[in-house]
Structure formats: C-alpha cells, structure tokens
Amino acid sequence: MTWLRDWSLSDDVALRLLCLHPAGSAAHVYRRWPRLLPPDIGVVAAELPGHGSRLAEPPLHTMDEILKQLCAEVGPLTDRPLVLFGHSMGGTLAAELTRYLRRELGVTPELLIVAACEAPRREPRRDYARWLTEDGILAYLREMGGTPPELLAHKEFLELTLPVLRADLTVLAGPRPADDRPVGCPVRLYLGERDTTVREDRALAWREESDGDFTVRRFDGGHFFVQEQAPDVVARVRADVEHLLLSSGNTGRPS
C-alpha cells in the first residue's frame, strides 16, 4: 500500500479505524493509537503525497485527485466494518471519502468521527483562499497554534512546510465533488474546549450530515487536542465504536 500505513496489531481484526491527518501533518500523528486500542480494532492511517514518508512526492492540489487514489486502496479494507476518523482537514477528507465510497463502491462506513472541524458543506464555505500566500500560511499556522514560534522563524522548516501546507489549503479552498448528499451514517463530533479556530455553529452543522445519530464530545485543549489528549481521545473513540457495534448487533465479522 502506498497511501495507507496499516499498524494493526492483529491480522484478524473485527473492525478497521481509518485515520486521516490534519493539513501539513502526516500519518505518524496516529502511530501511538494501536497500543491504546484492543488488537481487534485495526488502525490504518492515510499518508498523502508530499507528507511524512512521502515527502519526495509532489503534493496533490484537488479533492478529486486525492479521493480517487485513496479510494483505490481503502476499498479492500471494507471486508470489515470501517470507521473513519479525521482531524481538522482530515475531517473534511473523511466526509468526502465517505460519500465517494458510497458512490463508487456502494459501501458506507459504520461511523464517521470528526475532530476540530467545521462541517465542510455548510454555506457560506469557510474561506481558505486567504491563506494561500506565504504570509497567509504563516498567519494560518499562528492561528491554529501547535507550532512553536522558533520553528516559524526557522528557514529550513518553512521551506519544507510551506509548499505542503499550501497544497492542502488549496484542496480545502477548491471545489467539492458534486455529490452533496449527507454522509448517511452516524457522526461523532469531537471539539476542543479552547479551540478558537472552529466556530460552534458551523461545527454543529455536522448534525445535518449524519443519519440522525449525532453526538458532540468535548475535550480539554485547543485545535490540537487530538495529539495533546491522545489517551483520552482514543478511549472515547473506542467507547463510541464499541457502543455503536453493540447497539447495532454488528459483531464486526463479515457475513
């Protein structure tokens, strides 16, 4: 697999958790998660071109390019129930991938979990285009937090970071696929209590994407609470996944 990092601790998993990283980040932010989950929950993380171990590859600039290639590798994972988790930009990608899987493969994930992310189809859309200049990207990094000030003044760091982050923000600023139906599955929204970058009203619009089963979970921290509070976040993911499977009577095994 080129796009996916499968860190599952067992070859015989009951369910797979596919994790999508924030803008400018990489799959490694989920590397600890398998050790915090039971082995029957497989953890797979997506790594976009130009990110992490794929740094030498040119990053992609449109949602359609990402979804087409990502879906080709995610498809075989649907032999088990699939849960998608996306943080920030990863939440937007997870929602669009959910639609794409339904449209192309006739498969809908069991659950979509989005963290620190406003509903991407809420109108008027958030203006990502204002961050596409070099000064804009630096403003974006400062606004999101999580990047030490000394790194923002480090020339080599910026030379590596700016092109990748510009590509990610271009994806978010660009057109969405024409399919605008709700994702059609349960949705769990995770929010940081001190995240000033996410508007509450726009985040709660995820309810409209769900199949009617929608819940908000709140955590201490800012925009990057997913990394800062990883044990608490993963424990909540486990509880949400297990509750859903138990209530639906889905054992996680293929028929």
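Which strands does helix 1 (residues 63-74) lie across? In this predicted model, helix 1 lies across strand 1, strand 2 (15-20), strand 3 and strand 4 (82-87), and runs at about 25° to strand 1. The report below describes the sheet, then the helices, and then individual residues.

Seven strands form an open sheet with mixed pairing, in the order 1-3-2-4-5-6-7. Its edges are strand 1 (4-6) and strand 7 (214-219), each of which pairs on one side only. From one strand to the next, the twist averages 20°.

Strand 1 and strand 3 (residues 41-46) run antiparallel and are joined by three bridges. Within this pairing, Leu4 stands opposite Ala46 in strand 3, and Arg5 has Ala45 of strand 3 as its bridge partner. Strand 3 is also joined to strand 2, here by five bridges and in a parallel arrangement. In that pairing, the bridge partner of Arg16 is Gly42 in strand 3.

Arg188 takes part in both pairings: Ile113 stands opposite Arg188 in strand 6, and the bridge partner of Arg188 in strand 7 is Thr215.

The pairings described above are collected here.

| Strand pair | Bridges | Direction |
|---|---|---|
| Strand 1 and strand 3 | three bridges | antiparallel |
| Strand 2 and strand 3 | five bridges | parallel |

How many residues of strand 3 are buried? Six of the six are, so strand 3 is largely enclosed by the rest of the structure. Both of its faces are covered, with Ile41, Val43 and Ala45 buried on one side and Gly42, Val44 and Ala46 buried on the other. Strand 6 is mostly covered, with six of its six residues buried. On one side of strand 6 the buried residues are Val187, Leu189 and Leu191, and on the other they are Arg188, Tyr190 and Gly192.

Helix 2 (residues 89-105) lies across strand 2, strand 4 and strand 5 (111-115), running at about 150° to strand 4. At 1.5 Å a residue, its 17 residues should span 24 Å, and the end C-alpha atoms are 23 Å apart, which agrees. Of these 17 residues, 14 are buried, so helix 2 is largely enclosed by the rest of the structure. The residue that follows helix 2 is Gly106, whose phi is positive, near 70°.

The axes of helix 1 and helix 2 come within 10 Å and cross at roughly 65°, and the crossing is right-handed. On the helix 1 side, the residues that meet helix 2 are Met63, Ile66, Leu67, Lys68, Leu70, Cys71 and Val74. Their counterparts in helix 2 are Thr92, Leu93, Glu96, Leu97, Tyr100, Leu101 and Leu105.

## A buried glutamate

Glu209 is placed in the loop between helix 6 (200-203) and strand 7. Is Glu209 buried or exposed? Its relative accessible area is 7%, and because the limit for a buried residue is under 20%, Glu209 counts as buried. Its side chain makes a polar contact of 2.9 Å with the side chain of Arg99. Not counting residues up to four places away in sequence, Glu209 touches Arg99, Arg121, Arg181, Pro182, Val183, Gly184 and Val187.

Most residues other than glycine have a negative phi. Ser88 has a positive phi, near 60°, and lies in the loop between strand 4 and helix 2. With a relative accessibility of 9%, Ser88 counts as buried.

Ala116 is likewise not a glycine, and its phi is positive at about 50°. It is found in the loop between strand 5 and helix 3 (134-144). At 3% relative accessibility, Ala116 counts as buried.

Definitions and conventions: Residues are numbered from 1 along each chain as its sequence is written. This is a predicted model: local features need pLDDT of at least 70, side-chain atom pairs count only at pLDDT 80 or more; totals for chains, interfaces and linings use all residues. Side-chain values use heavy atoms; hydrogens and water are left out. Two strands pair if DSSP finds at least two bridges between them. Helices (H or I, at least four residues) and strands (E, at least two) are DSSP runs, numbered from the N terminus. Axes are lines fitted to C-alpha atoms, for helices over the stretch in contact, and angles run from 0 to 180 degrees between N-to-C directions. Contact means heavy atoms within 4.5 Å. The expected span of a helix is 1.5 Å times one less than its number of residues. Buried means under 20% relative accessible area, exposed over 50%, partly exposed in between (1.4 Å probe, protein chains only). A polar contact is a pair of N or O atoms within 3.5 Å; within protein, one must be able to donate a hydrogen and the other to accept it, and residues adjacent in sequence count only if both atoms are side-chain atoms. A crossing is left-handed if the near helix is turned anticlockwise from the far one by less than a right angle, and right-handed if clockwise.
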